[in-house]
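Hi,

Here is the structure I promised to pass on.

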Amino acid sequence: MYSCIILEKGPVVKMRYKKRTDFGDGMRQVYFEIKKVFGGTRSRMALLLLMLLMGVTFYFAMSVEYVNEEGETEAGFGAVQKLRAAQKEWSGDLDVEKIGQVIAENRRINETPEGRSEQLKESNIAYGWKQGIAEIRNLLNCSYAEGFREYDYYRADSLSEAEAGSFYHNRIRLLEEWLAGEARDQYSGAEKAYLTGQYESLETPFYYDYRKGWTQLFEYAPTVVMITMLFLGYLVAGIFSNEFAWRADAVFFASCHGRDRAVSAKVWAGVGIVTGIYWIVMLFYSTVVLGYLGADGWNCPVQTEFGDWKCFYHLTVWQKYLLIVIGGYIGCLFMAGLCMLVSARTKSAVLAVMVPFVLIFLPSFLGNLESAAVNKILGLLPDRLLQVGAALGYFDLYTVGGRVIGAVPILLVVYGILAVAVLPVVYRCYVRS
Amino acid sequence: MIHVLFAPPMAAWRARLKMRSHFHYVLCLSEAKGMDISMKLEIEDLTKQFQDVTAVDGVSCTLTTGVYGLLGVNGAGKTTLMRMLCTLLRPTAGRILWDGQDIFALDGAYRRILGYLPQDFGFYPDFTVRDYLHYIASIKGLRPAAARKRTAVLLQQVGLAKVENRKMKKLSGGMKRRVGIAQAMLNDPQILILDEPTAGLDPNERIRFRNLISELAQDRLVLLSTHIVSDIEYIANEILLMKDGRICISGTTEDLTAGMPEQVWLVSVPRSEVVSYTKRYKVSNIKTLHGEARLRILSAEKPAENAVLEEAMLEDVFLHYFGERAGGENAV
């Protein structure tokens, strides 16, 4: 008979003592909830599979090649070191002088017998000499392209040093031409002005450095985040519904804390699993890739990567990384929250586990509709959070309170709020089961 | 500041006050044997409807300390009634009061004194027995140290101390049921509700389980539902017969047998006449002996010249009220 009388010296003391013990009990229940999730063979197998897939992704992310003086391809850490050394020689501000030097160096290599040769081996040797300027050369191809959406790999080969001065101006000019032509009807006047303003206000010259580590990290980040999310969905899908599947719900709800603290523990366990696994995976991924390929170039503007040349956000590489990992976390938390909500509402883990699949893959099908209105909606769907790196490159603009704003800040704020807001809904839904 | 959940007389609890920490004093009433604590669970005109089906239909009764046996055929409404008593289902009409307060308003405070073993006892398959009990203890509001002590005591009591590290999914049916009763007892409940606790157990396990329940039933309100008459007969002080969602009759075994309008007769007949008797009378037992059959018949009148009057048992009462449906699955 557990009814008890508790005497306390005063209200302040009671509150402090109770908070401490309640917190301890709550943590213990969270521990047991997590144990329920990972106690099963299936969950452990899922984790093993996640590790395996991560291993494969890590392998591809760390695969870097270097072409040596003999035109042979090298791989491994030695290749990374050589590529790094070659590109480091060109680090610094990409001013007119540096651009001119790159154009001259590119032409010099092209004019060598190896550069002119059509023999594979000799071409490879010439390519090997260009590896130090390869990234800047790509930027030249973007800047001096025929149109905003054009890319000509050989454009840099036809440039002269005299054209170096228009390197940054071209970026703005091509945008303006595109907005006045092809994209005339896609954006409002305010949005066009916003884009042009963003381009014009970007600080130049860009600081350039070897940044292969970040490039590779960003390239495979969406894969890592999506795989992690799918596994997280699988893990949290059963937190609520399994009580019913195991027919343990009667004892659970008939217990003293079965309709309050024990349900909170389930919610916190879900948040804990998402937080723990996501950050372990992402930090491990970042550490391994950057540790292997180097974290140089963290302070370069994202536009120094040819894939982000057109990006209108003013960000450094390090800031882009933060947005990717934070966005991924918010996305995972939101999707896992929805997953738990479906689990609590329908009492079905099968339906719950489908939530992340639908949220991730449905936008891919809708994207084929090619409608401006649909694209506006797609730009704000939560799958974008799992691929913030790519979302930074999209020209998704929205007008909020008379201010034009890109999709990424909206995604982070809106889904950040929703990810937190969904948790009490899950709690209430399950308490009323 | 004093927080009183269920206040006993001042003098009694003061004598048993224990200091738990510098600022925290706890009195466990379970240790206060012999204390006059009035426990009363009042069920007032309780009804539960599921769409067109009325599972519980205007049940009213008052339960105090003791073992109550809720007897009825499958579908009589026993489980629905028990689930309402455990706050798992909200009644369509009526109230359940614990010491005058609505149990749904009491919420966690009521569940704190409740122990429940559901008919379909589920568990976490990958938890060990000890982990399972520690977890249930935590959601029942027991502190870790108390949970560890209580778990050890109960594992001894239910005879599972040796398998405390075994995973739940690897236990036999009887062992699982014993874990079930242990979890129900973790918080030393004042109200213990056991829904078909012996269903599916072999005879040895059933006897063992019955004894265990009797042992645990002291000083608390135990409501035990079953359609197995012998279980109730052995351990219940008072029996509630439930039929079509209603308590049709209640009382001790003696009350029920004495109040039965029919008498019990023992008749020896040729085997060829057995069918004829079963058609005309309620036959609670047929025993074949050397070419003839000995029938146990319920009848207001003497069914045959050679019929001998027998003392009625609870099984006969069950047959009287439930008729042919009493012979349903698993009934003994």
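One term before anything else: a polar contact here is a pair of N or O atoms within 3.5 Å, where within protein one must be able to donate a hydrogen and the other to accept it, and residues adjacent in sequence count only if both atoms are side-chain atoms. Now the housekeeping. This is a predicted model, with local features needing pLDDT of at least 70 and side-chain atom pairs counting only at pLDDT 80 or more, while totals for chains, interfaces and linings use all residues. Residues are numbered from 1 along each chain as its sequence is written, chains are lettered from A and ligands numbered from 1 in the order in which they are written, and side-chain values use heavy atoms, with hydrogens and water left out.

On to A:Lys130, which sits in helix α6 (residues 120-130) of chain A; helices (H or I, at least four residues) and strands (E, at least two) are DSSP runs, numbered from the N terminus. A:Lys130 counts as buried because its relative accessibility is 11%, and buried means under 20% relative accessible area, exposed over 50%, partly exposed in between (1.4 Å probe, protein chains only). Its side chain makes a polar contact of 3.3 Å with that of A:Asn106. Beyond four places in sequence, A:Lys130 is also in contact (heavy atoms within 4.5 Å) with residues including A:Arg137 and A:Asp157.

Then the domains. At the interface, 25 residues of domain 1 of chain A are in contact with 31 residues of domain 2 of chain A. The two domains bury about 2,800 Å² between them, 67% of it on carbon and sulfur atoms; that is the accessible area (1.4 Å probe) that two parts lose on being put together, summed over both.

Between the domains I count 3 salt bridges, meaning a side-chain nitrogen of Lys or Arg within 4 Å of a carboxyl oxygen of Asp or Glu. There are also 12 residue pairs in polar contact (both at pLDDT 80 or more). On the side of domain 1 of chain A that touches domain 2 of chain A, the elements giving two or more residues are α13 (261-293), β6 (397-400) and β7 (403-406) of chain A. The largest share, 3 residues, comes from β6(A).

Cheers
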